[in-house]
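Hello,

Here is the structure I promised to hand over. My notes on it follow below.

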Amino acid sequence: KDEAPWDPTAMRAALEANGEFVSRIARIAALPDRSSMDMPADYLNFFHARPVKLGADILLAKARLAAEAKDEAEALRLVNATLNLASHLDRTETPSLLAVTVGILVDLQTQDAIMTKILPALGKEADLPSWRGAITSRPQYNPDEFARLMRGEWNSALEHFILPIIFSPNY
């Protein structure tokens, strides 16, 4: 990994300087509902993965700062918010393959942060049973989940690629 060295002072300053943006990410990550229903007609079911990854990076940085300050409850809250952010991608009725892939990426990034940064910062005093849900949060993928994913991918492809070609006067 080519990461810059961790500088908690610089991270706190960056988070404070971008407080409104950080608050917006936290509000989105806290939303309990996720759905692809009632999206605007011009919504293409595509998104850029980088903003989601950036949101996860920010929440996990805040969780690490909380862990370093020995505020375990806040660290766990922020980790769970990060996992909830990922679930907004892959826990909808008809997720796309891209959404599920990015959701898995964020989940794996979160698991890595828990094990290599957050729990070590909390030390031996960490209440490990309270972390169990965050550590084991990924759903088990099975044939039913794969079928749901393929239905989502089919719906997206049909609406945005296949039908426009079939009904376009230019083809």
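Contact here means heavy atoms within 4.5 Å. On that basis, 77% of the contacts in the protein chain with a separation of 6 or more join residues 24 or more positions apart.

Some ground rules. This is a predicted model, where local features need pLDDT of at least 70 and side-chain atom pairs pLDDT 80 or more, while totals for chains, interfaces and linings use all residues. Residues are numbered from 1 along each chain as its sequence is written, and side-chain values use heavy atoms, without hydrogens and water.

The fold: seven helices, zero strands. Helices are DSSP runs of H or I with at least four residues, strands runs of E with at least two, numbered from the N terminus. The sequence order reads α-α-α-α-α-α-α.

The surface: the protein chain exposes about 10800 Å² (Shrake-Rupley, 1.4 Å probe). Carbon and sulfur atoms supply 62% of that.

Helix α3 (residues 49–68) packs on helix α4 (residues 72–90) at about 165°, axes 7 Å apart. The axes are lines fitted to C-alpha atoms over the stretch in contact, and angles run from 0 to 180 degrees between N-to-C directions. α3 is therefore roughly antiparallel to α4 (an angle over 145 degrees). The contact includes V52, L59 and K62 of α3, and E74, L78 and L85 of α4. Its residues divide into 13 nonpolar, two polar and two charged, with Gly counted as polar.

Best wishes

Note on methods:
Parallel < 35°, antiparallel > 145°, perpendicular 65-115°, else oblique.
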